[in-house]
Amino acid sequence: MNKQDLDRTLSYLQQLLAISSPTGCTDDAADFLMNALSELGYSPVRTRKGAVQVRLGGEGTEGLMLAAHVDTLGGMVRSVKSNGRLRVSPIGGLPAVSAVTETVVLHTRDGRDFEGTLQLEDASVHVNGKLREMVPSWDNLELVLDEVVHSAEDTKALGIGTGDFVFVNPRTQITKSGFIKSRFLDDKLSAAILLGFAAHLKENGLQPCQPLYLNFTTYEEVGHGGAADLPADLAEIISVDMGCVGEDLNCDETMVSICVMDSNGPSSRQTVDALVEAAKKGNVDYALDIYPHYGSDADAALRSGAPVRHCVMGAGVYASHGYERSHVKGVQATFDLLLEYVPFV
């Protein structure tokens, strides 16, 4: 991965992260993808389900799909409390413990935005003597609006109510040492890598030897993103998601992880072996890992009955579903593995 490819990929990442797109509210992110791919000279399509797909070229009957998702975690207003504050339900697996004190934007059904903060109830330590003992949950967390409201009627008068979306501030930062810190690197980091990959192919006139598809899904965080709209010639799907970093795992943020088994069972041996061979051939820093609490778009495709080989891979990401961290070296390793794995004419 050269500097131009890295800079372009990081630019895509920062633009994607600046677009709020919790599951169920992903149109703006899809618009960005459609425009970016069209500007590269491709012909992307948006599916009925809201995903963005594009064929990068290639001929034959053994299609390969690289899938990433642009839907993220978030929240939705569950109810308006008597004091005017809001009860929130999480979208996807957003842990309450990592949401405490996060600044958010509430997005109403009619398109207006209000700022606020997620706080524990009675969050002043000088008032609530039991605050230190409280275990955060979505039952004792509330959204405190940055509006002067004292009652449910005050809040409802602003046009705020059940079903409004809650966007969590991603707080994106790239450090001088190359660390990428942000919410929602899962999976906008991989989506940006796939955009950079598509740009590299176009810029260098690379033509894949087989049908090659990108699929940017929008319902992965709730489990069914990759379950529909799969090409008839698809033989293999690789979810380019995140490589988990944590106890009992081999990957760190500077590497690309190849998942040999997740919560749905083993990845396809043929695909794993081919990825490992490609990593070794390209001198790519990789790890093999098992993720016991992980599911992906590839799993959703299999559950829908797709007769395909499958695997998950991605740059190492620490603190998944929280304030996440990766590294530019992990981006490079993932990008380079894709270039080594996909055969070109």
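Tutor: The structure holds 16 salt bridges. The model is predicted. Start with Arg8 and Glu203, whose closest N and O atoms are 3.1 Å apart. Arg8 is buried, at a relative accessible area of 18%. That value falls under the 20% cut-off, so the residue counts as buried. Glu203 is partly exposed, at 43% relative accessibility.

Now look at helix 1 itself. Its 15 residues, 3-17, should span 21 Å at 1.5 Å a residue, and the end C-alpha atoms are 21 Å apart, which agrees. Asn2 caps the N-terminal end: a side-chain oxygen of Asn2 lies 3.2 Å from the backbone nitrogen of Gln4. Besides Arg8, the buried residues of helix 1 include Asp5, Thr9, Tyr12 and Leu16. The buried residues of helix 1 pack against helix 2, strand 10, strand 11, helix 5 and helix 8.

Two of those partners deserve a stop. In helix 8, the 14 residues should span 20 Å at 1.5 Å a residue, and the ends are 20 Å apart by C-alpha atoms, which agrees. Buried residues of helix 8 include Val328, Phe335 and Tyr341. Helix 5 covers residues 185-204 and contains Asp187. Asp187 is buried yet has no salt bridge; Lys188, the nearest side chain of opposite charge, is 11 Å away. The side chain of Asp187 does reach the backbone nitrogen of His69, at 3.1 Å. Beyond four places in sequence, Asp187 touches Ala68, His69, Val240, Asp241 and Met242.

Back to the salt bridges. Arg171 and Glu102 meet at 2.7 Å, N to O. Arg171 lies in the loop between strand 9 and strand 10, and Glu102 in the loop between helix 3 and strand 6, so the pair ties together parts 69 residues apart in sequence. Arg171 is partly exposed, at 35%. Glu102 is buried, at 6%.

Asp110 and Arg112 form another salt bridge, with the closest N and O atoms 3.2 Å apart. Asp110 counts as exposed at 54% relative accessibility, while Arg112 is partly exposed at 33%. Elsewhere, shared partners join Lys81, Arg85, Arg87, Glu121 and Glu142 into one salt-bridge network.

Arg87, in strand 5, is the bridge partner of Ser79. Strand 4 and strand 5 pair in the antiparallel sense over six bridges. Five residues separate the two strands, and Gly84 in the turn has a positive phi of about 90°.

Methods: Residues are numbered from 1 along each chain as its sequence is written. This is a predicted model: local features need pLDDT of at least 70, side-chain atom pairs count only at pLDDT 80 or more; totals for chains, interfaces and linings use all residues. Side-chain values use heavy atoms; hydrogens and water are left out. Helices (H or I, at least four residues) and strands (E, at least two) are DSSP runs, numbered from the N terminus. Buried means under 20% relative accessible area, exposed over 50%, partly exposed in between (1.4 Å probe, protein chains only). Lys and Arg count as positive and Asp and Glu as negative; His and the chain ends are not counted. A salt bridge is a side-chain nitrogen of Lys or Arg within 4 Å of a carboxyl oxygen of Asp or Glu. A polar contact is a pair of N or O atoms within 3.5 Å; within protein, one must be able to donate a hydrogen and the other to accept it, and residues adjacent in sequence count only if both atoms are side-chain atoms. Contact means heavy atoms within 4.5 Å. The expected span of a helix is 1.5 Å times one less than its number of residues. Two strands pair if DSSP finds at least two bridges between them.
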